[in-house]
Each structure stands twice: as structure tokens, then as C-alpha cells.
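Here's a quick briefing to read with the model open. Have a look at the structure first, then work through the points below.

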2 protein chains.
Amino acid sequence: MSLLMVGTMAFDAIETPFGKTDKIIGGSCTYIALSAAYFADKPNLVAVVGEDFPSEDIKMFQRKGINTEGLQIKQGEKSFFWSGKYHNDLNTRDTLATELNVLADFDPVIPDAYQDCEYLMLGNLTPSVQITALKRLKKRPKLVVLDTMNFWMTDTFLPDLKEVLQMVDVLSINDEEARLLSGEYSIVKAARKIQRMGPKVLIIKKGEHGALLFGEKQVFFAPALPLEDVFDPTGAGDTFAGGFIGHLASSGDISFENMKRGIIYGSAMASFCVEKFGAERLINLTAEDVEQRVQEFIDLVQFEIDIL
Amino acid sequence: MSLLMVGTMAFDAIETPFGKTDKIIGGSCTYIALSAAYFADKPNLVAVVGEDFPSEDIKMFQRKGINTEGLQIKQGEKSFFWSGKYHNDLNTRDTLATELNVLADFDPVIPDAYQDCEYLMLGNLTPSVQITALKRLKKRPKLVVLDTMNFWMTDTFLPDLKEVLQMVDVLSINDEEARLLSGEYSIVKAARKIQRMGPKVLIIKKGEHGALLFGEKQVFFAPALPLEDVFDPTGAGDTFAGGFIGHLASSGDISFENMKRGIIYGSAMASFCVEKFGAERLINLTAEDVEQRVQEFIDLVQFEIDIL
């Protein structure tokens with residue numbers, strides 16, 4: 001089942017209480033692709049980078065089966081750059097620098113070979129670019145999942161965000177973003193309000209407190225794995241989304257029951273992501289690592305009660 | 001299996017964003033007893049009140065099968081009174097008034113008929129009084145569960161708290177208290193450190209984010225039910241503890257597997273508690289209400305994945 005992922009590929013410079021990095025590769029599509037590639041067969045990627053983006057990293061993507069035909073490499077230009085510093089609790093961060101560079105006029109060209117797309121993951125990106133990408137698919141995919149962030153919920157971008165919300169099946173955001181978008185403090189009320197904006201299914205990520213999946217009537221909750229240390233949360237949400245849609249695309253099943261499994265796979269992948277800086281931990285995982293982590297989730301929440 | 005509960009019975013005046021109450025009944029033992037009585041047969045209570053405590057409420061306890069022989073009623077004195085106001089997020093609160101009254105010199109006398117105690121719940125109370133109660137049991141109970149709070153983690157009371165921690169099997173506290181007691185920010189590190197202080201089993205309550213149960217090696221997580229509105233969180237932690245030990249006492253099984261079920265029953269009871277002011281919602285539950293709520297927990301977290 002063909003999976004297409006659209007998002008950013010970038011350099012990040014990250015500072016956490018545990019250390020700091022020079023420029024390392026990041027961006028929503030980097031995390032989504034590295035995570036989804038553990039599940040989906042030959043996922044297709046659309047993104048833009050400058051000539052400074054390391055060719056060895058692009059080759060690493062290709063070795064993982066990721067199709068980079070849709071990756072635009074702009075000669076003479078620089079890749080998107082973001083720099084941030086996390087506070088001690090790792091739940092909040094300050095943005096130190098944002099240099100759009102090639103992202104400023106990103107035109108998401110879809111290669112012809114990608115037109116068989118059945119599963120579309122719109123990673124965090126300018127909402128108008130997400131809309132353009134979706135409109136360029138000749139056939140509406142079976143499932144469209146959108147990730148976004150608080151930055152696009154301000155006056156300038158909100159009309160576009162609302163437009164794209166009406167075009168997607170699943171939205172993935174965090175709890176603070178859900179509150180901001182809905183104006184409701186109660187997560188349950190926020191979810192119902194956001195579902196009326198378009199997406200029938202809503203994922204609300206709560207970081208170390210797990211994630212909620214709201215269907216039309218059902219609700220499912222998956223915890224985060226209790227980790228001794230969260231080293232660097234950058235990309236955890238994108239990694240989660242990549243595991244989620246990667247599992248759905250690989251199984252070809254978009255039932256609520258299977259989305260629950262997607263949430264567990266996404267949570268497992270995110271739990272790896274935060275163990276090291278950037279995407280480092282995602283690059284060298286084995287299938288056994290992933291299955292073992294999923295077993296830890298099962299052990300964590302499994303109980304048996306006989307209801308009378 | 002005989003269950004003994006020691007704690008406070010009090011008047012509370014509560015203000016939340018949704019309204020305020022005059023003096024209503026509260027206190028750790030009130031919530032523990034009302035919750036445990038849905039599971040355990042004729043639980044025994046030790047607490048102290050003044051002559052102002054409503055006799056109709058004591059009769060209500062008795063109608064629920066709670067043995068009040070150990071309830072001291074001090075003529076000419078007033079019951080413990082607490083008043084608090086919750087902030088808008090309901091996760092933090094200010095104490096507006098604390099009048100110890102009869103609690104100032106509470107001597108936890110254990111009636112002879114209570115000496116068959118196999119399950120002891122030491123509800124939130126001065127640690128030295130918890131120690132006295134435990135020492136007055138001629139035979140060490142099969143299981144001792146302790147609940148406490150941040151107030152006892154300051155210099156004055158910490159030595160007593162550390163002493164009682166060495167005497168108990170299970171400790172139930174919230175995440176902020178776990179951080180304060182251990183000096184560790186990571187909940188997993190905090191848990192391991194607190195377990196070395198005495199209790200082999202540790203419950204860390206995270207309010208709307210659920211609860212973690214740490215065994216000697218195992219970890220179990222139960223979510224809180226996603227509620228549209230939390231009306232008043234007062235007593236939720238005590239209600240949780242009452243459901244937990246009530247289930248253990250009723251089943252006579254202190255295995256980790258059965259403690260998981262206890263956590264689910266405790267979470268179900270707590271989810272009722274927060275729906276109305278004070279203990280109001282706990283008073284008129286039916287067994288069917290409880291079983292139905294437990295089924296909602298099962299539906300919320302249940303998933304099936306075939307691990308290769």
C-alpha cells in the first residue's frame with residue numbers, strides 16, 4: 001500500500017539539560033520517514049533541502065528503502081535550520097533561531113511515480129503547502145493524516161489550517177495545541193470540537209503522559225513508556241506519526257481497532273526517539289528492538305478483570 | 001478478610017471554578033471508607049470527630065456496612081476543618097484555612113474487635129499517629145498501605161515519615177510528592193529511590209494522567225478516564241486508595257496481578273469521586289455503576305497485537 005510523506009527536512013541544533021548538538025539532521029519528514037520505514041514498504045518522500053544537506057544521510061534514507069525521488073535539492077541554497085533549548089522539565093522549550101532558507105518557497109512537486117498514493121502523511125509544515133500537496137494527488141488517498149503545531153494556529157495561518165482540517169481524516173496534535181485550537185480546557189471537549197472541524201479521527205499526544213485516540217464514538221488511550229531519562233524530545237511527535245501511518249499503510253487496514261495498534265507502534269517508536277539526540281536512535285533499530293518495545297507496552301497496561 | 005482504615009474525618013469547604021460548598025464532610029478516612037465499602041465486607045474505621053459531626057452521616061456509614069466502633073466522638077469539641085480553593089486547571093489549590101481541632105491530639109485507639117486486622121489502610125494523617133496505630137495491632141497485618149502528602153515531607157515531620165515508610169508494604173502518593181520525597185525529577189528514578197526507603201510496592205498517582213504501580217521488578221500503568229469535566233478533585237486520591245485496598249481485602253490476594261486489578265478499581269472509584277463536590281457521588285453508587293465504569297477502563301486501554 002503506497003505511503004507518501006510530505007514535510008520538512010532540516011538541520012537542528014538542540015540544547016537539553018543533558019548536552020547540546022551542532023547541526024544535526026531533523027525536520028518533520030526526516031523523523032516520519034525513518035519511523036515509517038520500519039513498517040511500510042518503500043515509502044515515498046516529498047521535501048526540500050539545500051545543497052548543504054549531507055548526501056550520506058540521503059543515501060542512508062535510500063538504504064532504508066525510502067524513495068527520495070521527491071526530494072528537491074536546491075543548488076546554491078541552504079536547508080531549513082531550527083535551533084532550540086529545552087527547559088529542565090523537557091516539556092517546554094525556547095526557539096533560539098529559525099532560518100527558513102529553502103523552505104520559504106517550497107513547492108511540493110509530486111513525482112508521477114507517487115500518484116498511486118493510498119496513505120498520505122502531511123507532516124508539520126505551512127498549511128497552504130499541505131493543501132497544495134494534497135490537491136496535486138489525482139486520486140484522493142484512502143487515508144490522509146495531518147500533523148501540525150501551535151505556530152499555525154495564529155491569525156495569519158489559521159484560515160489555511162482550518163481549510164486543510166476539512167480535507168483530512170486524522171489529525172495528530174498535542175494537548176496544548178488541542179486546547180489552543182479548540183478554546184476548550186477539557187481534552188474531551190476539545191477533541192469533540194476539533195472533530196467537528198473536519199478530521200473524523202483525532203490523536204492527542206500528551207508527551208510523557210501518553211496519547212489519546214478519539215474515533216467517532218470510541219476512545220483509546222496508550223501510555224508513554226516510563227523512561228528513566230528522556231534525553232531529547234525533538235521529533236518524538238513526528239516519529240509517533242510515522243509509526244502510526246507506517247503500520248496502517250503496511251497492514252492496509254484503517255479500522256479503529258487497527259488504528260489502536262498504530263498508536264502502540266507509534267508510541268514504541270517515539271520511546272526510542274527520545275533516548276538519544278535527534279534521530280540518532282531511530283537509525284539503527286532492528287525489527288526485534290521494535291517488537292520487544294511493543295511487548296513492554298503490552299506488559300505495562302495489560303490486566304484481566306472478570307466483569308460480572 | 002478484615003480491613004482496618006485509619007485516617008481523618010473532617011469538614012471541608014471547597015471552592016472550584018464550578019462553584020463552592022459550605023462545610024461538607026470530608027477527610028481521608030471518609031473517602032477511603034466510602035470507596036472501600038463497595039468491595040470489602042464490614043470494614044473497620046478508626047478516626048476522631050467533634051460533636052458537630054452529623055450523626056446522620058455516621059448512620060449512613062453504618063448503613064454501608066462500615067464499622068464505626070473505632071470512631072471517637074469528642075463531646076464539647078469541634079471536628080477538623082479544611083478549606084481550599086482550586087485554581088482553574090484544578091491541578092493546584094490554595095489552602096484557605098486549616099483548623100486541627102480534635103485532630104491536634106488524636107490518639108488512634110484500636111478496639112479489641114479490630115485486632116483481627118489483615119489489611120491496614122493508613123490514610124493521610126500525621127506520620128507519628130500512623131506509627132502509633134500500626135504499633136497497636138498485636139499481629140502485623142498481611143498488608144499495610146500508606147497514603148501521605150507533601151505537608152509531611154518537611155523537616156519537622158520527615159523523620160517520622162521515614163520511620164513509617166520502613167513499616168509499610170505499599171505507599172500511595174502523587175507525582176509531585178514522589179519528586180519531593182526522592183529529590184528526583186524522573187518518575188522512574190524517584191520510584192526506585194522511594195522503594196529503597198521501605199515500601200516494596202509504590203503507587204504514583206498522576207491525577208488526570210492516571211497512575212503507575214511499581215512492583216519489585218514490574219511496572220503497571222492505568223489511565224484516568226477522560227472526563228468531559230472534573231468538577232472537584234478533593235478526595236480523589238483517598239477514594240483511589242480505598243478502592244485499591246478494598247479490592248485486595250475482598251479478594252484476599254496480594255499478588256502483583258491482583259494489585260493491578262486494585263489499581264483499576266481504585267481508578268474507577270476516583271473517576272466517580274471527581275464528578276461532584278466532596279463525597280456526594282460516592283454515596284449513591286450501585287455495584288452496576290462500578291462494574292460499568294470498570295468496563296470503560298477495559299475498553300479504553302484494550303488492544304490486540306500479535307508479537308512475532
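Start with helix H5 (residues 175-182) of chain B, whose buried residues are Glu177(B), Ala178(B) and Leu181(B). Buried here means that 20 or more other C-beta atoms, placed from the backbone, lie within 10 Å of the residue's own; 12 or fewer makes a residue exposed, and anything in between is partly exposed. Looking down the axis of H5(B), those buried residues fall within an arc of 100°, so they line one face of the helix; the arc is that of the directions from the helix axis to the C-beta atoms.

This is a predicted model: local features need pLDDT of at least 70, side-chain atom pairs count only at pLDDT 80 or more, and totals for chains, interfaces and linings use all residues. Residues are numbered from 1 along each chain as its sequence is written, while chains are lettered from A and ligands numbered from 1 in the order in which they are written.

**Around H5 in chain B**
- The cover over the buried residues of H5(B) includes strand E11 (170-174), helix H6 (187-195) and strand E12 (201-205) of chain B.
- As for the labels, helices (H or I, at least four residues) and strands (E, at least two) are DSSP runs, numbered from the N terminus.

**The sheet in chain B**
- Chain B has an open sheet of 9 strands with mixed pairing, in the order E6-E5-E1-E9-E10-E11-E12-E13-E14; two strands pair if DSSP finds at least two bridges between them.
- At its edges sit strand E6 (67-74) and strand E14 (219-222) of chain B, each pairing on one side only.
- From one strand to the next, the twist averages 15°.
- Strand E1 (residues 3-6) and strand E5 (residues 44-50) of chain B pair in the parallel sense over 3 bridges, and Leu4(B) has Asn44(B) as its bridge partner in E5(B).
- Helix H3 (residues 127-135) of chain B packs on the sheet, touching E1, E5, strand E9 (119-122) and strand E10 (143-147) of chain B, and its direction makes about 165° with that of E9(B).
- Axes are lines fitted to C-alpha atoms, for helices over the stretch in contact, and angles run from 0 to 180 degrees between N-to-C directions.

**Chain A overall**
- Chain A has 10 helices and 14 strands.
- Buried residues account for 49% of the 308 residues in chain A.
- Of the contacts in chain A between residues at least 6 apart in sequence, 68% join residues at least 24 apart; a contact means C-beta atoms, placed from the backbone, within 7 Å.

**Where the chains meet**
- Chain A and chain B put 27 residues each into the contact.
- H10(A) gives the most to the side of chain A that touches chain B, with 6 residues.
- That side of chain A divides into 18 nonpolar, 3 polar and 6 charged residues; Ala, Val, Leu, Ile, Met, Phe, Trp, Tyr, Cys and Pro count as nonpolar, Asp, Glu, Lys and Arg as charged, and the others, Gly among them, as polar.

Key
Contact = placed C-beta atoms within 7 Å.
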